[in-house]
Amino acid sequence: MSTITFASALNRALADAIATDPDVLVFGEDVGVAGGVFRITDGLAATYGDDRCFDTPLAESGIIGFGVGLCMAGFRPVAEMQFDAFAYPAFEQITSHVAKMRNRTRGSVTIPMTIRIPFAGGIGGVEHHCDSSEAYYAATPGLKVVTPATVEDAYLLLRAAIDDPDPVVFMEPKRLYWSKGDVDLDDLSARWGSGSLTHDQVLGRAAVRRSASDVSRAATIVAYGPTLSVALESAEAAREEGWDVEVVDVRSLVPFDDETVVASVRRTGRCLVLQEAQGFAGVGAEIAARVQERAFHSLAAPVLRVTGFDIPYPAPKLEHLHLPSVDRVLDALARLQWDDDPDTRHLEAAATAPTAAQAGAGTR
């Protein structure tokens, strides 16, 4: 075991993929000589040559379009979009070609491309440097979407994404790049090389990161990517309130592991979904719907969500107000009807709120 950073695990995954597969190419803005904005590709060009890891022009649509052509020529490209909100110029290429090429050609042409996107907040970035764009990709048929939340998963999920025959959008939580964990990367690398670990064993599998033992006072928090640490911290804080919280890390947004998530909710009887992105039409809404459909008769309370607000990411000094916090999670947990009494606060609020006619009075 060695204590390494999240960024180092990603770097090792890329290095191992390049070393073991001559068809793997890594490219993007500043990924070559500079080693990337977050130094994820540091040393790759020097070690493996600038024909395996190289810089591209500042043209996101060109990067992805180039990647599609490489896939058609038999390569396995790994393209980096430098920041989440700068990836949108490539969205047309991703939705129209990357996601649909297998279907369009009846399976004769595959796009084994990995699209790395640093995403979400927590670093105090200014406009276009912080965004939670996972719902756009998750809602696009033909794409797989994953996001690691641990150092070990940074390695495993990236190796799986690169090996997968379909396009994978790989969402990297920026705030986790400097987080650390104890991982034996040599062992993981050896197991991957021997075939005892494969992409089929990793993609589409959620993980229970914290188990609940007292199911009479239990709840499940479903989280992914940058919110897993908030979920785990909240679970520890919830013990003081007498709640035993189980935490499920989704890991793979598409394909989604219904079995693990639903099994946890059926054990605990309560569910809270946590995401950093805006609440409306987010991935958390899809998770909540799937849980409600599959575990309705096990639920002691409605499925609730804690999300970012329905606004663009705020300025750095206000970002902490937008991001889900332990306090907000505990407030939501308190609404999960622990005493079997219905939560009527929304009805009370509606009773005291002005009607539409009253709200519009005096505006003309």
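**View 1. Contacts of Arg 116 in the predicted model.** Setting aside neighbours within four places in sequence, Arg 116 is in contact with Leu 14, Ile 40, Thr 41, Val 78, Ala 79, Glu 80, Met 81, Leu 158, Phe 170 and Glu 172. Arg 116 sits in strand β5, residues 114–119. Is this residue buried or exposed? Arg 116 has a relative accessible area of 1%, so it counts as buried; the cut-off is under 20%.

**View 2. The open sheet that contains β5.** The sheet has 7 strands, in the order β3-β2-β4-β5-β7-β6-β12. Its pairing is mixed. Which strands form the edges? They are β3 (53–55) and β12 (252–254), each pairing on one side only. From one strand to the next, the twist averages 20 degrees.

**View 3. Strands β2 and β3, with helix α7 on the sheet.** Strands of a sheet pair through backbone hydrogen bonds, either parallel or antiparallel. Strand β2 (residues 24–28) and β3 run parallel, joined by 3 bridges. Val 26 has Cys 53 of β3 as its bridge partner. Helix α7 (residues 151–163) packs on the sheet. This helix touches β2, β4 (76–80), β5 and β7 (168–173). The directions of α7 and β7 make an angle of about 160 degrees.

**View 4. Helix α8, its buried side and its ends.** In α8 (residues 185–194), the buried residues are Leu 185, Leu 188, Ser 189 and Trp 192. Their arc around the axis is only 100 degrees, so they lie on the same side of α8. Asp 186 and Ser 194 are exposed, on the face turned away from the buried side. Cover for the buried residues includes β1 (2–5), α1 (6–20), α7, β8 (180–183) and α9 (199–202). At the start of α8, a side-chain oxygen of Asp 184 comes to within 3.3 Å of the backbone nitrogen of Asp 186. Just after the helix, Gly 195 takes a positive phi of about 90 degrees.

**View 5. Helix α14 and what covers it.** Val 326, Val 329, Leu 330, Ala 332 and Leu 333 are the buried residues of α14 (residues 326–334). Why do they line one face of the helix? Seen down the axis, they fall within an arc of 160 degrees, so they share one face. The face turned away from the buried side carries exposed Asp 327 and Asp 331. Among the elements covering the buried residues are β10 (218–223), α10 (228–238), β11 (244–249), β13 (271–278) and β14 (304–308).

Methods:
Residues numbered from 1 in each chain as written. Predicted model: local features only at pLDDT ≥ 70, side-chain atom pairs only at ≥ 80, totals over all residues. Heavy atoms only, no water. Buried < 20%, exposed > 50% of the residue type's maximum accessible area, 1.4 Å probe, protein only. Helix = DSSP H or I, 4+ residues; strand = E, 2+ residues; numbered from the N terminus. Arc of directions from axis to C-beta. Contact = heavy atoms within 4.5 Å. Pairing = 2+ DSSP bridges. Axes fitted to C-alpha atoms, helices over the stretch in contact; angles between N-to-C directions. Polar contact = N/O pair within 3.5 Å; in protein donor to acceptor, adjacent residues only side chain to side chain.
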